[in-house]
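Thanks, everyone, for making the time this morning.

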There are 2 protein chains.
Amino acid sequence: MSKSVTLKEVAAKAGVSYQTVSKVVNNKASVSPETEKRIWGVIAELNYTPNYNGRSLRRQRSNTVGYTWEPSPADQANPILDAFLQSMFRAAEEEGYYLLCFPFHADDVRMLKVYHQLYNTGRVDGFVLSRLNYGEASVPFLLENKIPFVAFGRLEDQDQSFPYIDVDGGQGIAQAMDHLVSLGHRRIAALAWPEDSRVGNNRLEGYYRGLAKAGLMSDPNLIVRGEGTSAVGFEATTYLLGLPVDIRPTAIVCMNDMMAIGAMQAVRTAGLQPGRDIGVTGFDDTPTARYLTPPLTSISQPIPAIGENLMKRLIEYLETGSYPEPRCELVAPNLEIRESTAGYVPAKGRS
Amino acid sequence: MSKSVTLKEVAAKAGVSYQTVSKVVNNKASVSPETEKRIWGVIAELNYTPNYNGRSLRRQRSNTVGYTWEPSPADQANPILDAFLQSMFRAAEEEGYYLLCFPFHADDVRMLKVYHQLYNTGRVDGFVLSRLNYGEASVPFLLENKIPFVAFGRLEDQDQSFPYIDVDGGQGIAQAMDHLVSLGHRRIAALAWPEDSRVGNNRLEGYYRGLAKAGLMSDPNLIVRGEGTSAVGFEATTYLLGLPVDIRPTAIVCMNDMMAIGAMQAVRTAGLQPGRDIGVTGFDDTPTARYLTPPLTSISQPIPAIGENLMKRLIEYLETGSYPEPRCELVAPNLEIRESTAGYVPAKGRS
DNA sequence: ATGCTTGAGGCGAACGTTCGCTTAGAGAGA
DNA sequence: TCTCTCTAAGCGAACGTTCGCCTCAAGCAT
């Protein structure tokens with residue numbers, strides 16, 4: 001922090017009381033046009049910027065929003081981090097807010113303590129949460145302590161107890177299913193996440209919807225669960241390709257790009273060609289998805305719009321005391337079709 | 001911000017003046033052990049946390065560090081962002097500091113205004129800069145205004161006018177060259193960046209060093225410059241593979257992974273196999289590098305250590321008024337050898 | 001002339017800290 | 001006993017704002 005120009009210095013130079021300068025700065029009327037103009041002149045001349053610590057102290061708000069997120073493992077990039085952060089602090093800046101980033105702790109008790117600390121020390125006015133999962137401890141904690149927040153993601157489908165925006169992952173997977181069905185695929189497998197993943201279940205639900213819409217039966221043999229890594233994708237796919245040829249899938253829908261990467265490797269390892277022999281789709285539309293061999297069909301989320309919307313929502317609440325309607329929102333992802341689902345020729349004789 | 005417990009409330013309950021409580025909180029001696037214990041008891045009981053706006057106002061420092069970065073285009077992930085941010089705010093938290101993120105502006109004037117604003121409003125005590133390039137306007141501006149900062153990256157090799165940590169990209173490329181030479185490659189091409197890129201030039205310099213060390217001549221035909229995208233990598237490699245067979249390269253060293261991705265595609269398109277026929281190396285060790293086909297040999301940077309070090313350095317300066325020695329540091333990257341440089345069989349007859 | 005309204009601006013106080021000085025009292029040395 | 005030092009604690013002030021209330025003078029209707 002620097003020794004910077006204060007209200008009093010501006011006031012002295014402009015020949016008014018410093019409180020009057022404050023009024024001008026904050027657009028609180030009852031100042032004559034001439035005086036106001038003169039004051040603005042002095043402000044520009046001295047390059048005055050209001051001290052935010054003084055302002056925050058008096059106003060009892062810091063114009064700062066906190067955000068934390070779980071770090072990605074080294075072999076797995078966070079596909080949305082850059083865009084999400086950028087969109088949030090860009091939207092924040094327009095309203096005179098900034099984004100404070102702080103460390104994530106896997107330990108719930110420790111994490112809640114940090115939230116509490118940050119809020120009670122007056123460092124932040126509220127939080128943005130992301131990647132919620134069943135049993136998220138932060139949500140009830142923040143609600144109970146009346147700490148403002150918005151979330152990217154929801155906990156339960158019908159729960160509107162806090163404001164959120166979420167991507168309808170199920171709809172994304174359903175789009176992928178429609179696409180595969182339209183190409184002629186009839187035996188479609190799913191590489192799903194463990195059952196304790198809310199996001200995973202939401203996406204998987206789109207798989208069932210897709211099957212139902214196409215009038216296909218779901219076959220438990222064709223659903224393999226595991227962590228969303230390429231290793232799991234590889235193993236699961238190797239298993240699927242080893243099934244008897246009459247029940248072997250011709251396409252594999254993966255709940256994220258990492259699994260799809262592993263799946264494509266397994267397809268090649270089995271001497272087959274992804275796209276032509278076995279359709280593969282991912283989810284996230286990782287930047288490198290389009291550079292894989294073959295380029296991966298994937299599902300992209302409108303991250304910038306979500307980040308901007310979340311931040312504006314939170315700020316509106318902080319400023320006015322109520323959230324804009326609708327309180328909760330579900331947005332549709334977009335299917336990006338590439339070669340990993342191109343060129344499939346259905347075998348004759350099968351419907 | 002919440003209505004939280006203040007010093008005065010703690011003091012009232014403990015039967016001392018609030019200034020004495022302040023002394024205890026800040027470990028400023030001259031308080032008897034019993035009183036101190038009693039005060040700590042009340043603090044715990046009331047769950048007191050010092051208000052940072054009051055503290056910042058009085059201390060004239062905010063314990064906050066600012067950081068901004070250029071957003072990546074949608075098809076190109078920022079390979080270091082997550083790790084860099086995490087390491088920075090983790091190190092900051094240990095010292096009671098936090099990281100404030102704010103929007104990047106390509107327009108220099110606008111960007112400098114933001115730096116000035118953030119510092120003069122007392123929102124931040126200093127900055128971390130990254131991705132410096134020739135003619136970076138922020139460096140002279142911050143130096144001139146005596147605004148504290150540290151940088152990830154340098155401007156000129158011998159310039160020590162500001163504290164920085166940089167990766168010796170040249171050494172990384174030189175490692176890749178050694179590796180390729182040891183495999184028997186004698187004609188090695190480089191996909192370089194435009195000449196106005198300081199980082200690019202630093203890396204390319206390692207290419208020349210590697211050639212010299214192996215006693216090989218540098219051939220201008222084998223150096224192609226362009227933006228660090230996969231499209232450029234593809235085109236440049238297509239050109240290189242079209243050269244007469246006696247001067248055609250057997251290996252291609254790329255200044256980043258994106259170019260290497262394009263290069264490998266071009267190699268395959270030409271009916272050759274990356275690794276066996278043409279060795280390819282990248283730089284950055286993007287998380288997906290290991291999942292490419294074939295897995296890409298690349299150069300990784302010790303990002304977490306750099307982020308932590310930078311933050312600690314800056315905080316030490318803010319606390320003590322001087323930077324720890326050494327003021328500037330160059331760290332070595334690490335070559336990650338994978339299949340894109342495996343299995344090469346040198347043609348007979350050539351040395 | 002009187003009283004009422006309105007606009008322009010001043011003023012004291014408060015937000016929650018920390019800083020530096022003062023003071024009361026205890027204990028020590030002469 | 002007197003002073004001198006030391007420790008524990010108190011006190012006033014200040015950091016830079018914003019808030020609410022007050023004052024003063026001009027304008028206007030009665």
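Let me start with C328(A), which has a relative accessibility of 14% and therefore counts as buried, since the cut-off is under 20%. Please keep in mind throughout that this is a predicted model. In chain B, C254(B) is buried as well, with a relative accessible area of 0%. As for disulfides, a search of the whole structure, over all chains, finds zero.

Turning to helix packing, α2(A), residues 18-25, and α3(A), residues 33-46, pack at an angle of about 90°, with their axes 10 Å apart. That angle is why α2(A) is described as roughly perpendicular to α3(A). On the α2(A) side the contact is made by T20(A), V21(A), V24(A) and V25(A), which meet E36(A), I39(A), W40(A) and I43(A) of α3(A).

What, then, of helix α11(A), residues 257-269? Its 13 residues, at 1.5 Å a residue, should span 18 Å, and because the end C-alpha atoms are 18 Å apart, the model agrees with that expectation. The helix is mostly covered, with 10 of its 13 residues buried, among them D257(A), M258(A), M259(A) and V267(A). The elements that cover these buried residues include strands β6, β8, β9 and β10 of chain A, together with helix α10 of that chain. Just after α11(A), finally, G271(A) takes a positive phi of about 80°.

Conventions: Residues are numbered from 1 along each chain as its sequence is written. Chains are lettered from A and ligands numbered from 1 in the order in which they are written. This is a predicted model: local features need pLDDT of at least 70, side-chain atom pairs count only at pLDDT 80 or more; totals for chains, interfaces and linings use all residues. Side-chain values use heavy atoms; hydrogens and water are left out. Axes are lines fitted to C-alpha atoms, for helices over the stretch in contact, and angles run from 0 to 180 degrees between N-to-C directions. Helices (H or I, at least four residues) and strands (E, at least two) are DSSP runs, numbered from the N terminus. Angles under 35 degrees count as roughly parallel, over 145 as roughly antiparallel, 65 to 115 as roughly perpendicular and the rest as oblique. Contact means heavy atoms within 4.5 Å. The expected span of a helix is 1.5 Å times one less than its number of residues. Buried means under 20% relative accessible area, exposed over 50%, partly exposed in between (1.4 Å probe, protein chains only). A disulfide is a pair of cysteine sulfur atoms within 2.5 Å.
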